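My notebook is open, and I want to look up a few things here.

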Amino acid sequence: MQNSGMTTPHTSPLAGHLLVECLIAQGVTHAFGVPGESYLAVLDGLHQHADRIRFVTNRQEGGAAFMAEAHGKLTGRPGVCLVTRGPGATNASIGVHTAFQDSTPMVLLVGDVASDCRDREAFQEVNYFHFFAPLCKRVERIDDARRIPEYIARAFATAMNGRPGPVVLILPEDMLTQPVDVVAHPPLPRVEPARAWSDPGALRQLRELLLQAQRPLVLAGGGGWTPQAAQALQRFAENWQLPVANAFRFQDTFDNHHPLYAGDVGLGINPALAARVRQSDLLVVLGPRLGESTTGGYTLVQAPVPTQKLVHIHASAEELNRVYQPTLAMCATMNAAARSLEVLTAPPSVPWTDWTAACHADYLTNIDEANGGIRLPGDVDMPHLMGVLRRHLPTDAVLTNGAGNFASWLHRFYPYHGLAKGHKTQLAPTNGAMGYGVPAGVAAAITQPARLAFTIAGDGDFLMNGQELATASQHGAKTIVLLINNGSYGTIRMHQEREYPQRVVGSVLRNPDFCALAQAYGYAAERVLKTEEFEPALLRALAAPTGTVIEVVLDADVITTRGTLTAITQQALTKQA
Ligand SMILES: Cc1ncc(C[n+]2csc(CCOP(=O)(O)OP(=O)(O)O)c2C)c(N)n1
């Protein structure tokens, strides 16, 4: 454990120590952060309890917040992030936004200015109630140290209940150094997320809608899933022979290897699946809030009234009828909903078995490495590389990525093992935050060291949080990073060519020597220039005791899984002519 060594038992019952004891009572084993002088008493509590809770020191609060978010995604319990006021808190905001849009439980603790300086725009002072208000479920400040147990318990409950999300707790420096009578104000017991069961009448109505359907499709995803809930969903789908698709970047909700799997509904959707969504006559949406990326910009599923019948099941009543007016809205948490669905009596036969089989066949065609016959230029065959990953990554490997077109290779060609098998296998930001993949991989490796953490990053994406490889080395975490180097912010270049062809600005990158950089962080490094070099490089990385960065040099023309930059430019020029 970090911070071990000579421990002097701290006898004064500091509020900062009580706060750490409250985190321990909530089952927190890891906290991520960058230290600050504003919360020294909490740091001292972490020193005191270093055998119970591991403080992972990061190199930038953005990395720390992403790690806490990834921890929350992986475990289903709030990931904890500790930062200092102003600059620390604002750096961490990207992770808070990610937790908010991704429905991930998270608690951000912010050391603040002392209360006798408040509202004078003191050193590094920020009004967090204003700053974080649109980014999280709740912002609270603890002014009375005796109420720390209440605030921590509420923060954990709020982060997990209903639609999971982030909570921000502000900790004035002088409050943290108050003495507290811990016998009178002990930590409160661990809170568990409350379950909300579906209304029995609504379940009967759902069964009726299913019995009337010809082309039903289930869309699963969102926050709050457990392996048990995913197993119950699988039994429901099997009982009714329903095709199941996963929502954008919730690709591990339903097992991609299952014969009922239909693919993922997100950016870069399989056009055949998009057509199936349009053709379906009943969409059963279990968990996703139906955001922009999962609905093809609110057109694939038409807003506000879809063309097909829509059953929307969500843990938060606020998400129902928010954008879409469903035929049937049901408020239920995923565990409870899936368990109600699995006992819904199915008829002896259903009329849609051909439809279901066709949905799965479409999926298989789409992930075929032959790539639909398209020959992309250059010496690196990305679909083939994804095939190598399929063959060599362990079933329980956790795959992480940030934002950029590079991720679409994984999203399209890698079949995620489902949560029903026991683990979350995808950590990816639905808010499209660049820089997420590296810290998320490191967090996974620190939290669950027995599993392989595999990250795919773009050259732009990597350098947003590549410094967290230092965190990995310091904490003995091994990750493998597949860095796709195309010398550009390729996604933006693609959009530029589409909208303003041949007017390239701001999207070309002059990169450092990534292999030398990786080695400087204590990682092994491999550079891959040709398809056949990848498999041996991966095998060496899997066998290596440390993490490895595998840099793949990709022709910038290979911009999507379906076509080239040149073709996009040509199309745009033709349109202009
Ligand atoms: C934090 C953040 N900043 C900016 C963007 C806008 N953005 C989306 S993709 C992208 C380029 C990604 O470049 P790279 O990682 O090299 O991947 P590529 O698109 O080349 O595959 C940018 C700048 C974003 N999504 N997130």
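Predicted model: local features only at pLDDT ≥ 70, side-chain atom pairs only at ≥ 80, totals over all residues.

**Ligand site.** I looked up which residues sit around the ligand: there are 17, and Gly432, Asp459, Asp461, Gly490 and Thr491 come nearest. Residues are numbered from 1 along each chain as its sequence is written, and side-chain values use heavy atoms, with hydrogens and water left out.

**Polar contacts.** I take a polar contact as a pair of N or O atoms within 3.5 Å; within protein, one must be able to donate a hydrogen and the other to accept it, and residues adjacent in sequence count only if both atoms are side-chain atoms. A polar backbone atom of serine 488 is 2.9 Å from a ligand oxygen, and one of glycine 490 is 2.7 Å from a ligand oxygen. Threonine 491 uses a polar side-chain atom, 2.4 Å from an oxygen of the ligand. The ligand taken alone exposes 580 Å², and the protein buries 77% of that (Shrake-Rupley areas, 1.4 Å probe).

**Shell.** Helices H16 (459-465) and H18 (490-499) are the elements that give two or more residues to the shell; H16 gives the most, with four. My helices (H or I, at least four residues) and strands (E, at least two) are DSSP runs, numbered from the N terminus. By class I find six nonpolar, nine polar and two charged residues around the ligand. Ala, Val, Leu, Ile, Met, Phe, Trp, Tyr, Cys and Pro count as nonpolar, Asp, Glu, Lys and Arg as charged, and the others, Gly among them, as polar.

**Helix H3.** I moved on to residues 61-75. Of the 15 residues of H3, 14 are buried, so the helix is largely enclosed by the rest of the structure. Buried means under 20% relative accessible area (1.4 Å probe, protein chains only). At the start of H3, a side-chain oxygen of glutamine 60 comes within 2.5 Å of the backbone nitrogen of glycine 62. Just after H3, glycine 76 has a positive phi of about 80 degrees.

**Whole chain.** I find 21 helices and 18 strands in the protein chain. Its C-alpha trace spans about 70 × 60 × 50 Å along the principal axes. Of the 577 residues, 59% are buried.

Technical notes
Buried < 20%, exposed > 50% of the residue type's maximum accessible area, 1.4 Å probe, protein only. Near = heavy atom within 4 Å.
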